[in-house]
Each structure stands twice: as C-alpha cells, then as structure tokens.
Amino acid sequence: QLVETGGGLVQPGGSLRLCCAASGLIRVFYTIAWFRQPPGKERDFVARLGWTNGRTDYGDSVKGRFTFSRDDAKDTACLQMNNLKPEDTGVYYCAVGRTWTTSWYEYDFWGRGTQVTVST
C-alpha cells in the first residue's frame, strides 16, 4: 500500500513537501517515483528514486526546484518542492516499480494521489 501526504494550496514561489509511505513495498520493488496529472492532461513523470542505490532523476520542468529523498527506517520517500509555479498544479501520485523507467504504465503499484494547487 502506498499513501501520499502533504498536498495543498500554495502561492507561486512557495514550497510543499510530499511524502509517500511505502509500507514495505519498496523493499520488493526497485524504483519509487512521483507522477502528476494536471487537469485535463495526461500523467507526467516528475521524479524517481532507486531505493537500493539512492540514485535520483527528475523531469526537465522540475530540475533544480524539486528534491527526492528517502528515509530507510520509515520506508518513506519525500519530494521537496520549492519555487512552485502554477504549472505544477495537479494530482501527484506515488508509484513503485521493478525497473528504472519514466513511463507511468510500467509501474506496478500506485497511491491514490494528493492534490497540489499553485495559485494566488
């Protein structure tokens, strides 16, 4: 089971921290990732983290603003989002999978999502 927390409403330039509690799933799978789905659009890759080696990768639109990190003891991975922009608005989903990929359809388990709204 994956449970996302930390969404909300923030003004442009603000910050939010999203966390994904993996409840042991991540120790079976290799990659944990965040995707987002803006209103009326397809699901896009945001960031991924390789649980065994800590390797990270980010979508071009969030590089330099978002940081993905893990807490091994809690089986939790958190996405620190800084300098948020209106185009960051969407439902953010946490997912785990067995390969190092940015394709959402290759992930095996998903959380229910958390809403992030960046607006004045």
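**Figure 1. The link of Cys19 and Cys78 is right-handed, with 105° about the S-S bond.** Cys19 lies in strand β3 (residues 16-21) and Cys78 in strand β8 (residues 76-81), so this pair ties together parts that are 59 residues apart in sequence. The model shown here and in the other views is predicted. The disulfide that joins Cys19 to Cys78 has an S to S distance of 2.0 Å. Cys19 and Cys78 are both buried.

**Figure 2. A disulfide is formed by Cys20 and Cys94.** The sulfur atoms of Cys20 and Cys94 are 2.0 Å apart. Because the torsion about the S-S bond of Cys20 and Cys94 is about -80°, this disulfide is left-handed. Strand β3 contains Cys20 and strand β9 (residues 90-97) contains Cys94, so the pair ties together parts that are 74 residues apart in sequence. Cys20 is buried, as is Cys94.

**Figure 3. Two disulfides are present in the structure.** A disulfide is a covalent bond between the sulfur atoms of two cysteines. One of the two joins Cys19 to Cys78, and Cys20 and Cys94 form a disulfide as well. When the bonded cysteines of the protein chain are numbered in sequence order, the pairing reads 1-3, 2-4. The link of Cys19 and Cys78 is right-handed, whereas that of Cys20 and Cys94 is left-handed.

Terms used
Residues are numbered from 1 along each chain as its sequence is written. This is a predicted model: local features need pLDDT of at least 70, side-chain atom pairs count only at pLDDT 80 or more; totals for chains, interfaces and linings use all residues. Side-chain values use heavy atoms; hydrogens and water are left out. A disulfide is a pair of cysteine sulfur atoms within 2.5 Å. Helices (H or I, at least four residues) and strands (E, at least two) are DSSP runs, numbered from the N terminus. Buried means under 20% relative accessible area, exposed over 50%, partly exposed in between (1.4 Å probe, protein chains only).
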